[in-house]
Amino acid sequence: MFVSMAGMLVAWQLLIVLGDFPRFILPSPGDVLKRFLEIVGDGSLFRHLVTTLKEVLSGLALGVSSATTLGYLIAKSRWMERLLAPYIVASQSVPLVAIAPLLVIWFGPGILSKVLIAALIVFFPVLVNTVVGVRAAPEDLHTLMRSLQATRWQTLRLLEIPAALPVFFGGLRVGATLVVIGAVVGEFVGADSGLGFLINVGRGLYDTSLVFVAVFVLISMALILYGIVAGIEARLLAWQRRAQD
Amino acid sequence: MSSSKTEPILQIQNLSAVFSDGNGDLQALDDISFSVHPEEFVCVIGPSGCGKSTLLRILGGLLQPVQGRVLFRGEPLLEPRRGVGFVFQNSNLMPWRSVFENIALPLEVQNVPVNQVRPLVQELIDLVGLQGFENWLPRDLSGGMAQRVAIARALVHDPDLLLLDEPFGALDALTRETMGDELLRIAVDSSGGGRRRKTIVMVTHAITEAVFLADRVLALSPRPGRIRMDAPVSLPRPREEYLRYTPEFGELAHRLREAIG
């Protein structure tokens, strides 16, 4: 990984040397590092990072909790599925970018509208994978639990949740990468802080180095988030990995 | 057998059931009546689709019959009850739980205190010969080993009734015979060790297996399933391997084969 990153930096520097681009089109790695240290120094990067991180984490929490609750209900009840499925599928045909301005109008340029946009983008993949996951519990194991007179809660805890986890985590990994996009889209539409806001500012001032810094920080955030989810998954689903060895 | 002197543990009275097998085919049980006495081993045989598995689910209180009723110790059976162990055709283990945890499941569901769980599970692990495999996952087990775990799980809460749905159907012929012997050793012949002998109802489509294991074999007709024959098996216990090759054994197997049609 470090080799490929170093290779990319070398190629980038080479492009600058050979292409002789103006700094506002393509800044050099050195320019970007300098700008990075500047906004770290004056504390503004930290402030914007915290805003976006709040939006991302709250959006993820809200999206995942509502999607798993609704997903479980849909998986367990045909009636709920008939009632809700058409709306959920229809809502997915509306591009998020198109409704983001509406949410900003309704909920203001503060953090709330970004949280909602981030939650919406997380919602669908997590919901679908929850439904599929809960239904993946084998019928014979349900019969076993019934024969043992397991309570609904026991069936959920001992059978449905563990059986659903592999598929659920597939959805969560997708959601964890999308959630950053959701927050940034929201910030593009209207915000007064955040990494997406920083990109907008950088673009307006032709401060391309600033745009680069914000993009790299966003990438790092998405990678770390994905890594955390993958780490939890590996820990909880060790039984699957061991079986494949 | 002295069972006829005691109260039956299960009474099945004029039972009829209709159900769909998911492909739109209707399968049924038609007016079935029989009793099962404590410590009796009853095998139900019949062609595929005659409703054998449905019968077992009704006896477990998991399904309600369309007509007729089931009495458990004289009381109508309306829902699953404690003291029943189920063994399914595939071992039906939870892939995310180790051998130990799978066997412990019924105790966990019945809220047995944790410090009592370990000795109970360990006893069953010893009984089915899985020492050293406690931490293995189901996917690493052979079919026979997985089915041993399933049997241990069905016995761990010391049920008085064991319901087995073609438990050895997915095993190869040799493993199948071994597992039959094991089942007898664990649940029927091992009267020592503080364990009670179990009442067993087992569904199978293997006639010789039924004759070798059971005290009584019920032969069901093709759908709708009716009882064609109710044959006591008078072979001595413990059942020794040579019994399979006696004329008595062959003759009974032959009569049952004819009854199934």
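**Reading strands, burial and helix contacts**

Mentor: In S8(B), the residue standing opposite B:Leu162 is B:Ile200. Keep in mind that this is a predicted model.

Trainee: In which sense do S7(B) and S8(B) pair, and over how many bridges?

Mentor: Two strands count as paired if there are at least two bridges between them. Here, S7(B) and S8(B) are joined by five bridges, and the sense is parallel.

Trainee: Which strand pairs with S8(B) over five bridges and includes residues 41-45?

Mentor: That is strand S3 of chain B, and this pairing is in the parallel sense too. B:Ile200 turns up again, as the bridge partner of B:Phe41 in S8(B).

Trainee: How many of the six residues of strand S8 of chain B are buried?

Mentor: A residue is called buried when 20 or more other C-beta atoms lie within 10 Å of its own. In S8, which covers residues 199-204, six of the six residues are buried, so the strand is largely enclosed by the rest of the structure.

Trainee: Which way do the residues of S8(B) point?

Mentor: In a regular strand, side chains alternate between the two faces of the sheet. In S8(B), B:Thr199, B:Val201 and B:Val203 point one way, while B:Ile200, B:Met202 and B:Thr204 point the other way. The residues on both sides are all buried.

Trainee: Now a loop residue. Where does B:Pro167 lie?

Mentor: B:Pro167 belongs to the loop that runs between strand S7 (161-165) and helix H5 (173-189) of chain B.

Trainee: Which residues is B:Pro167 in contact with, leaving aside its neighbours within four places in sequence?

Mentor: They are B:Val87, B:Gln89, B:Gln147 and B:Met202. B:Met202 is also one of the residues of S8(B).

Trainee: Turn to chain A. How many helices and strands does it have?

Mentor: Chain A has eleven helices and zero strands. Its C-alpha trace spans about 75 × 50 × 30 Å along the principal axes. Of the 245 residues in chain A, 36% are buried. Among contacts with a separation of 6 or more in chain A, 77% join residues 24 or more positions apart.

Trainee: At what angle do helix H5 and helix H6 of chain A cross?

Mentor: Helix H5 (residues 96-107) and helix H6 (residues 111-135) of chain A cross at roughly 150°, and their axes come within 9 Å. Angles over 145 degrees count as roughly antiparallel, and therefore H5(A) is roughly antiparallel to H6(A). The crossing is right-handed.

Trainee: Which residues make the contact between H5(A) and H6(A)?

Mentor: Those from H5(A) include A:Leu96, A:Leu103 and A:Phe107, and those from H6(A) include A:Leu112, A:Leu116 and A:Ile121. By class, this contact has ten nonpolar, one polar and no charged residues.

Trainee: Last, how many residues of chain B are in contact with chain A?

Mentor: There are 18 from chain B, and they touch 15 residues of chain A. Strand S6 (84-87) and helix H2 (99-109) of chain B each supply at least two residues of that side of chain B. H2(B) gives the largest share, three residues. The side of chain B that touches chain A has eleven nonpolar, three polar and four charged residues.

Terms used: Residues are numbered from 1 along each chain as its sequence is written. Chains are lettered from A and ligands numbered from 1 in the order in which they are written. This is a predicted model: local features need pLDDT of at least 70, side-chain atom pairs count only at pLDDT 80 or more; totals for chains, interfaces and linings use all residues. Helices (H or I, at least four residues) and strands (E, at least two) are DSSP runs, numbered from the N terminus. A residue is buried if 20 or more other C-beta atoms lie within 10 Å of its own, exposed if 12 or fewer, and partly exposed in between; C-beta atoms are placed from the backbone. Two residues are in contact if their C-beta atoms, placed from the backbone, lie within 7 Å. Ala, Val, Leu, Ile, Met, Phe, Trp, Tyr, Cys and Pro count as nonpolar, Asp, Glu, Lys and Arg as charged, and the others, Gly among them, as polar. Axes are lines fitted to C-alpha atoms, for helices over the stretch in contact, and angles run from 0 to 180 degrees between N-to-C directions. Angles under 35 degrees count as roughly parallel, over 145 as roughly antiparallel, 65 to 115 as roughly perpendicular and the rest as oblique. A crossing is left-handed if the near helix is turned anticlockwise from the far one by less than a right angle, and right-handed if clockwise.
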